Amino acid sequence: MEALVASAVAVLTACGVYLVLRQRTFPVILGISLLSYAVNVFLFSTGRLAQHVPAILNKYGDATYTDPLPQALVLTAIVISFGMTALVVMIALGAYLSSDKDEIDMTDTPESGDNA
Amino acid sequence: MSHLIVLPIVLPAIIAPFILMVIRHHLDLQRIFSVAGVLALLTISLALTAQASSGDIQVYELGDWPAPFGIVLVLDRLSAMMVLLTSVLALAVVLYAIGSGWDARGRHFHALFQFQLMGVAGAFLTGDAFNLFVFFEVLLIASYGLMIHGGGADRLRAGVQYVVYNLLGSTLFLFALGTIYAVTGTLNMADLADRVAALSADDTALIRVGAVLLLLVFAVKAAVLPLHFWLPGSYANAPAPVAALFGIMTKVGAYSILRMYTLVFGPNEPVSAGLVADWLLPAALLTLAIGMIGTLGARDVARMVAFAAIGSMGTLLVAIALFTPLSAGAAIYYIVHSTLATAMMFLVADMIIERRGGAIASAPRMPQSGLISALFFAGAIAMAGMPPLSGFLGKLMVLQAATGMPQQTLIWAVILVTSLVAIMGFARAGSLIFWKTTSPEPAESNPIAEGEEILAIEAEPTVARLPFVAVFGLLVGLAALTLFAEPAMSYAEATASQLFDPSGYKDAVLGRVAQ
């Protein structure tokens, strides 16, 4: 299971990095989404992977349990990354509609040539 | 347990939705509430700084959960000073935004502004690494809105770059936090410091990866050299008051480096010895060099100031990267100076852009040219670190802190040469903008080049005064920092000694002393 999760994180990250390096806005946004999925799975696994155990102690304190904190962290991270993705889609759409270009770099505008 | 500590976060968090939901359609009311909020924040942060200057470290347990389990806010000298600096800067920026009418050029300026203040104050006050991430996101999401305030194709496209870059930074932050949590099992900074110090030798590889990843995140925020690409485009295209406010956001990165790498990954811990300083110092020197060379090459004023801002971050990070109490004291003094000076230069640049366009080239003489050129001159002196303003003292302290270090020659050479380069860059821009003026004939590159219009503006007795009040306020701040350098410096030194003795912080947070 460790190998499966680790390779999933690796593949997601690799695809995300590749897409982020693309020239158009849309693949870049997809790449950011993939990277945020990768980081969510990664965060989930930081509390060690455990199967079929609850995320709470029982009142005697003798049950095996899985660490609940990473799950809370992942929940926060999912909410934040979801909101941020929605926001970047809106801004990118605005930029595309107002300039008719969706290249991510700005080398073609004269006053920002050193900005690529 | 005083509730004052949480107020710098709660107050903007109440005012912003109030502005957004209740007085959305009343710009005058928004302005009143926004200024009132900033004034209240200033009062609170003055009180907090007065409390913190005694040297006590106050801890505020959110939800009354004890430290390693709940999230804590921690008030020490450094965080109190940074919150105070934020509120001083915010006052100048909000006055300028109102006076220049920037806040009327798009919607929700004041609400986003308050959310931004909430995020910045939270990032300075929190004592929990994941909470730091959350407050980073709060300040970033507000900054995305502010960055594209007023719209326009170029600004939106620069905004996309800015958002994408920072989203990648946030992802990296999560990877770093995940790695650190996987090794230590905690995210409370004080607890983290204890656990990292107690790590056995086999676990250090992973925690070192985590520490370096975290440094990369803060380096993105602080615009350290290989990761600085987002800054010139974003700051030059952002509305000027927003760019001035963003001056504090790069300082959030610097603050986080100073906090995490003295408290958790301290220079004396075996885990992190030599890990940070060896990389940060060359990067900081390069940042300084590139920033100041950029001021020579820039073709418009806003971009020039953005590069100068990178340069001043370089100076600041040189001081931080030395990791001695003396250099940290210099860094803390320089943070205040650099924030005020950068903000002032962005506002002066906006005054120039409003009147004659931003290109560094000869153009017709603009209204209030004398006054603005004097302000530009003062700001340039501050940015370049010339006497008599506080930049000179700050740089002197950095040089002094580098004395006796193995890299002394290199640091001295880079700082002194880049100061000269910055003076040349500002002198070139200033003489082209203010002295090499053409006769007032219409030029197509110029928004208000019509001769009659200029005469009309000059004849008008009511030029907006509030922008000048804001800029002069920042200048007075710089002058005060120079005149009262001795108390400021002793506060900075006390702050540095508190940073380099983290046992007080740990004991206060983890409740090991009677409070």
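Start by selecting chain A and reading along its sequence: the pattern is α-α-α. Chain A has three helices and zero strands, where helices (H or I, at least four residues) and strands (E, at least two) are DSSP runs numbered from the N terminus. You are looking at a predicted model, in which local features need pLDDT of at least 70, side-chain atom pairs count only at pLDDT 80 or more, and totals for chains, interfaces and linings use all residues. Residues are numbered from 1 along each chain as its sequence is written, while chains are lettered from A and ligands numbered from 1 in the order in which they are written.

Stay with chain A and colour by burial: of its 116 residues, 30% count as buried, that is, with 20 or more other C-beta atoms, placed from the backbone, within 10 Å of their own.

Finally, move to chain B and pick helix H14 (residues 369–384) and helix H16 (residues 408–435): their axes come within 9 Å and cross at roughly 170°. The axes are lines fitted to C-alpha atoms over the stretch in contact, with angles from 0 to 180 degrees between N-to-C directions. That crossing makes H14(B) roughly antiparallel to H16(B), the term for angles over 145 degrees. Show the side chains in this contact, including B:Phe376 and B:Phe377 of H14(B) and B:Ile423 and B:Phe426 of H16(B).

Notes:
Buried ≥ 20, exposed ≤ 12 C-beta atoms within 10 Å, placed from the backbone. Parallel < 35°, antiparallel > 145°, perpendicular 65-115°, else oblique. Contact = placed C-beta atoms within 7 Å.
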